[in-house]
Amino acid sequence: LYGRHYIRRYLTSTVGAGGGGKSAHAIPEVLSMVTGRPLLDPDGSRTSPLRVWYVNAEDPQDEIDRRFHAAAKHFAVTADEIADRLFTDSGRDQEFVVMRQEGRGFKVCQPVIDDMVSEIQRRRIDVVVIDPLVSTHEVPENDNSAMQRVAKAWTEVADRANCCVEVIHHVVKGQNEATADSARGGGALKDKVRSMRVLNAMSQAEAEKVGLESPAGYFRIDF
């Protein structure tokens, strides 16, 4: 669907440390998809506009709105370019939990999955972005089998609704260089997604090498 990462009927993921740029990258990327403009690649070509549902499961709706308005202002994106293709929701207004703890076990929240599939089909959504994954389940993230079930639940949404579901996920703390294996939940998520990207913040040494006083706000993305 977009950028050799978003694939219809598959689960994809972008992982990185907290405050490392995951949401800062996701928002203009969503705007690129809904407008068809290559906002993050000056040499890129226009693409067919997509219909995108961005779910931030942690921030309030007004903060989500502010961040999208700021990004739109920065990239000179107009309301006409977005049209009716952008949908946003906050996890503070409604829950998007697909797996809950039940006694000593865990249970898939099938009504939530069914409702999301119905809503995606009604809105004709191409891409759903879930930010972050941790707020959509109650399983311990060091339990590989439990995390695999969470990934399977979101894959079901992608498959049944004929869309791509992108989950933004954190990495294990205390690692200098994050890799796909650094994602919380061990290899369960990595093995379940069709495409995974990893964000690493720029180090002070890297900033000095290219003549920057501070590395703040810079990061790289690896597939």
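A nonpolar core is taken here as a set of buried Ala, Val, Leu, Ile, Met, Phe, Trp, Tyr and Cys residues joined through side-chain atoms within 4.5 Å; buried means under 20% relative accessible area, exposed over 50%, and partly exposed in between (1.4 Å probe, protein chains only). The model is predicted, so local features need pLDDT of at least 70 and side-chain atom pairs count only at pLDDT 80 or more, while totals for chains, interfaces and linings use all residues. Residues are numbered from 1 along each chain as its sequence is written, and side-chain values use heavy atoms, with hydrogens and water left out.

The largest nonpolar core holds 37 residues, and Trp53, Val128, Trp154 and Val165 have the most contacts inside it. Among the elements that each supply at least two of its residues are strand E1 (11–16), helix H4 (110–123), helix H5 (144–161) and strand E7 (164–170); helices (H or I, at least four residues) and strands (E, at least two) are DSSP runs numbered from the N terminus. H5 gives the largest share, nine residues. A second, separate core has 23 residues, including Ala26, Leu31, Tyr54 and Val77. As a general point, nonpolar side chains in soluble globular proteins tend to be buried together.

What does valine 165 touch, leaving aside its neighbours within four places in sequence? Its contacts (heavy atoms within 4.5 Å) are Tyr10, Leu11, Thr12, Val128, Ile130, Trp154, Val157 and Ala158.

Over in helix H1 (residues 22–35) sits serine 32, which is buried, with a relative accessible area of 0%. With neighbours within four places in sequence set aside, serine 32 is in contact with Tyr2, Arg37, Pro38, Leu39 and Leu40.

Then come the charged pairs. A salt bridge is a side-chain nitrogen of Lys or Arg within 4 Å of a carboxyl oxygen of Asp or Glu, and by this rule there are 17. One of them joins arginine 51 to aspartate 84, with the closest N and O atoms 3.4 Å apart. Arginine 51 is in the loop between H1 and E2 and aspartate 84 in the loop between helix H3 (79–82) and strand E3 (86–90), so the pair ties together parts 33 residues apart in sequence. Arginine 51 is buried at 11% relative accessible area, whereas aspartate 84, at 47%, is partly exposed.
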